[in-house]
Amino acid sequence: MTELDYVPTICPYCGTGCGIYLVIKDGAIVGVEPWKEHPVNEGKNCPKGRNAYQFIYGEGRLEKPLIKENGSFKEATWDEALGLIADKLKGADPSSVGFINSGRTTNEDLYVLQKFARCVMKTNNMDNSSRFCHSTTVPGLLSTVGAGVMETSTISIEKADCIILAGVNIHETYPLIGRRVERAKEKGAKVIVIDPRETITARIYADIFLQLNPATDIALLNGLIKIIVEEELEDKEFIASKTSGFEELKSYISQLDMSELEQITGIPRDLMKEAAQAYAKAERGCIIFNAGIAQHAQGVGNIQLLADLTLLTGNQGRPGTGVNPLRGHINGEGFGDMGTVPVFYPGFVPVSGVAAKKFGDLWGVDGLPADPGIGYMDMVENCSILYIMGANPMMSAPDITRVRGLLENKDLVVVQDLFMTETAKLADIVLPAQTWAEEEGTVTETDRRVQFMNKAVEAHGEAKPDWMPFCELAKIMGYEDKFTFGSAEEIFEEIRKIVPTYTGITYERLKKAGGIQWPCPSEDHPGTDTMFADGKFKTPDGLGHFQVVEHKPPAEPVDDEYPYALATGRVLFQYHTGVMSRRTERLNYEVLSAFAELNPEDAKKEGIVDGEEVIVKSRRGEIRPFVKLTEEVPKGMLFIPWHFAECAANVLTGPSAGPPSKMPEYKYVAVNIEKGGE
Amino acid sequence: MVKGDMYLAQASDEEILKQGESGGAVTALLKFALDSGVVDAVLGVKKRDGNNRYDAVLDLITDPEKVIDCAGSLHCVSLNIARNVKEYLGGAKQMKIAVLCKPCDARAIIEIAKRKQINRDNLLLIGLNCTGTLPPVVAKEMLISEYEVDPNEVVMEDIEGGELIVTLADGTKIAKDLLELEKKGYGRRDNCRRCNVSIPTLADIACGKWGVKEGEKKTFTEVCSDKGAEFIDNAIKTGVIKVEPPGEDAIEERKRKDREAIELSNKCEAEDLKELREISLDDRLAYWLHMFDRCIKCFSCRDACPICYCKKCFLEPDRGYVKGGEVPPDRMFHLTRLAHDGDSCVNCGQCQDACPAEIPLTRLYLMLNIKLSPMFDYVSGMDVEQKPPLIAAKDEEASIDDIDIFLVKGEAGEVVPQQ
Amino acid sequence: MGEEVKGEFEPRIIGFTCNWCTYAAADLAGTARMKYPPNIRLIRQMCSGRVDPLFVLKVFLRGADGVFIGGCHPGECHYMTGNLSARRRYSMMKKLLESVGIDPKRLRMEWISASEGIKFSDTVKEFTAQIKGLGPGPFRHIETEGKEQK
């Protein structure tokens, strides 16, 4: 007789964290059914979530460890592979080792990785691909409100009466959060969309569409602030009691010339006025932003100004307000909480001698690293040993031609993943990992929502949960008693003790649909919907700090040789580096290959016909996508989705911001385009 | 027993009688179905997590002793039973299953059976009366803000006489006006408002509380098919249930409650479709195009729909109607589904439940279905022998020249209910 | 096909006509020089029963102002019952168009046998005038010429 089971879990794709039921028939996943009790999505899913499990059975699933000999991979045992890795790691200089981890792995996986890196390898060199999307968010928000997290819950967005969608094509990239915007609209909310492209988000949500010139967000946001201040629409009481630095901002703003701002942004002042007034007069104004704001050389400045807008108008501390980044990965928030970054220990404790001692005492290990480590691209450049868990720099990093050269010349590259990705192909040792449905663990979604992912099926081949190889390496390297974890729950129990915002969360409590949003300091605490509800920011003095930001051009402006501004980004039907989504039939039926969006007038000028192959070139390389003519992109701009390995947009990208973010400017790359015909 | 027979039943077994909220007749029958080998499995519903009344999953039971664990009526759960039987249980083609179902589930099963995706003969459909289900997340919000109770304290819900009555663990009952709640966005799922099939006489057996006196632990049971009659006879013979005739007032009371429910559904239908019916064609088209523009091509509506069954779907990019990768998809997506499924829509509401773009699909489909029903003398989901209208051309139509014969019939028969 | 002449609206009508009767009737009307408006473009089907409701919808979405279906009289279908299904589908289509918000008067079906050339030209004249009166169809602004369907 058939065994039919329904296992509730979370969709493994984006940071929304939608609930789904997996249907298990005789030990295999055969379908996805709605989880109507889940508060985030109430039984509704996007095309990726509806087909979430298919890639688990994709062709080429890694089953055994692989060791490269003479240029080709040979199957090996776990003992052989881990033994080799341990040999290389023992005695390696801590600064020469780098751990590239992933927002696609669980909190338990990440916690064990950072503990291994710090206790065993004595290094803080760890980072992940959020360097490429929200490394500007953290400094931007830390300097203004003191915490780089989403302030309101995604559910409370529908309480807002004015929503600014800045640099986020939310209808395609987070449709179930877009649903909240739609519901707010139905209750009468005004929606302002800021984007150089006229995306579907602009078309169906925007009451006011600010189609600014690419990379001119600072000028626009300064314009909005200027209007609010000049028309005295600011929340004087809030500014006086809860902020600092307003006078400096006011003085800077008054010097700005409105005509110049209009000229830079391409937005007429009347339209700016409409938007500024709508936001300033709103009862609950909500700013939501994503890569279009963050992935710029001036990303930190962009975000500081968005935060300034909230402080200016008192839109803080209440459900449906605030400045809200959307995390792309399912565990995009959790990785930060777990401290798998070069500058923070778990719980956002800044790396320092004091922190090293504190965690040394907690973990019972001496000599923990007290100096900050280096970030993603610095590790790729400088570390001779790279351990890459669930990341694919050969698709997600900027200037991947250069990355290939670097990866090919390391002492050791270990890749722990599900499939033979573009990065795994360059590795020396490849380890098979379990998917989200084969291991249990927790993930933390964009609105600080910690949720439990159930194990639904047995592991594929000899794949292990991502945390296990680190425990085994620790054992080989003499730290067994510090890594005695036998299950994900044991790891989580330690996490609870170490990370104060997680202390009140237990696996038992996580059985509830919708999980628990941190901070959750005790077991009877229900979790926290909205940050700063008590009126205090997470800055040292508890005040919100206004920041003054000056408009600067992008890192690589267009010129005669490369006259088009390229923005790379996502589409609804595929996801990130394509490792999961390109192994899903339904999604491939919709979008199978890369394309470049070009404005029809530009096409005419270049003699390019709709649908033909074109060559898109930058200073770093060229790719040959098909061209799609559309009015969505303005003249002088191109858009290419970055999901397709055979036509990887990141061949073209390169220039990055300086420290602290080192954010690659994915949303503005100088390119040229020509017909690809023979 | 024959089709149409009615009686009051309760379980003979002490244990089942005690546990069952209405005397355990249904539980006893399901257990008997397994014990006697009439079916290979019982498809019941079990709460996902301990006592959570707001989430449940289907439970394929093969051990008769486990039948007693089947959840009672959960008003905040609306599983897509028909789809799960079709998709994950091989359409019941290789196994006999007893299925506990609401009227809409049974109607959906019948429509799927007409399209040969489910073997109706292998199913023993035990239908339960239904006056509506609630969406779980919204229901919990409603309990907190309107009823001011902790959702975990609720042990039973009833939708009766225009009220939503909630019973707490300590026995307290709180009643509120249903339509008032629904004006605020609470209450039943949208499609349930307009549903007029509360007693599932299209199943093999229909069971419910109507016609049972308050406090009596009995189930009013109606035999609805020959298969049902034979099954009940054997159940009585084997002694698993005790039956008695219901009495004229009980039968009348049940009829009265049914009429009341139908009147309420007519009222809601008139109210819900009023604006759509009254606006101009241009405005109506603009409204639906605006809705379709929000679609993100998740295909949840198609997957959930009991009528949609094509192995190679017309909405796929290589069929020439809906290009791949476009957001929103070509309008042909929604118009095709409407053209294919409109005549047979059973108002189960699973499509609208699953739509992330909040497109009020059930209102569009009902509006069309109400017009088509009198045209073709077709009521979807009631009789597995009744062919869907577009393939049901009768030979005698060959001697009728009038092109508008169905349209004229439809216009005459179309009833737009008054408020 | 219909062009805008000095601001006057020229309807674009698509006619799905059965090979065995209505299409033949159109031929007859042509050879007998019976004048009928050039606004209709005929698409020959082997039977009116081949006309899928999706054709009708697609054609409206691509900018047609009116759609006509011509078939054999009941009892005379070359395939016995094709036209009976066509009548049922047509009836359903009328109600579908109405439910969605497209004027059902823009869809018309007639039985026209091969010898009924006059009936064909009269019907087309009448229908064209009716559509002219109704004005442009709801998707008339869509450019249909030259766009490739991938």
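1. Trp20(C) sits in the loop of chain C that runs between strand S1 (13-18) and helix H1 (22-31), where helices (H or I, at least four residues) and strands (E, at least two) are DSSP runs numbered from the N terminus. With a relative accessible area of 36%, Trp20(C) is partly exposed; buried stands for under 20% relative accessible area, exposed for over 50%, and partly exposed for what lies in between, using a 1.4 Å probe and protein chains only. Together with Met46(C) and Tyr79(C), Trp20(C) makes a nonpolar surface patch of about 300 Å². Patches are made of residues with over 30% relative accessible area and no salt bridge, like charges being joined within 9 Å and nonpolar side chains (Val, Leu, Ile, Met, Phe, Trp, Tyr) within 5 Å.

2. A word on the basis of these values. This is a predicted model, in which local features need pLDDT of at least 70 and side-chain atom pairs count only at pLDDT 80 or more, while totals for chains, interfaces and linings use all residues. Residues are numbered from 1 along each chain as its sequence is written, chains are lettered from A and ligands numbered from 1 in the order in which they are written, and side-chain values use heavy atoms, with hydrogens and water left out.

3. Chain C as a whole has 4 helices and 4 strands, and from the N terminus on its elements follow the order β-α-β-α-β-α-β-α. Of its 150 residues, 58% are buried, and the chain exposes about 6700 Å², of which carbon and sulfur atoms supply 53%; accessible areas come from the Shrake-Rupley method with a 1.4 Å probe, and for residues only the protein chains shown count as cover. Taking contacts (heavy atoms within 4.5 Å) between residues at least 6 apart in the sequence of chain C, 78% join residues at least 24 apart.

4. Chain B contains 15 helices and 11 strands. Its radius of gyration is 22 Å, close to the 22 Å that the globule rule gives for 419 residues, so chain B is as compact as a globular protein of that length; the radius is taken over C-alpha atoms, and the rule is 2.2 Å times the number of residues to the power 0.38. Along the principal axes, the C-alpha atoms of chain B fill a box of roughly 60 × 55 × 45 Å, and 61% of the 419 residues count as buried. The domain assignment, which is automatic or from a database, gives domain 1 (134-187) and domain 2 (277-413) for chain B, and the C-alpha centres of these two domains lie 33 Å apart.

5. Which parts of chain B does the pair Arg189(B) and Asp353(B) tie together? The two residues form a salt bridge whose closest N and O atoms are 2.8 Å apart, a salt bridge being a side-chain nitrogen of Lys or Arg within 4 Å of a carboxyl oxygen of Asp or Glu. Arg189(B) lies in the loop between helix H6 (178-183) and helix H7 (190-193) and Asp353(B) in helix H13 (residues 350-354), so the pair ties together parts that are 164 residues apart in sequence. Both residues are buried.

6. Arg62(C) is partly exposed at 23% relative accessible area, whereas Asp330(B), at 15%, is buried.

7. In chain A, Phe546(A) is found in the loop between strand S22 (544-545) and strand S23 (564-569) and is buried, with a relative accessible area of 6%. Beyond its neighbours within four places in sequence, Phe546(A) is in contact with residues including Ile239(A), Phe246(A), Leu249(A) and Leu312(A). The domain assignment of chain A includes domain 2 (137-326) and domain 3 (564-675); the contact between them takes 23 residues from domain 2 and 18 residues from domain 3, and their C-alpha centres lie 27 Å apart.
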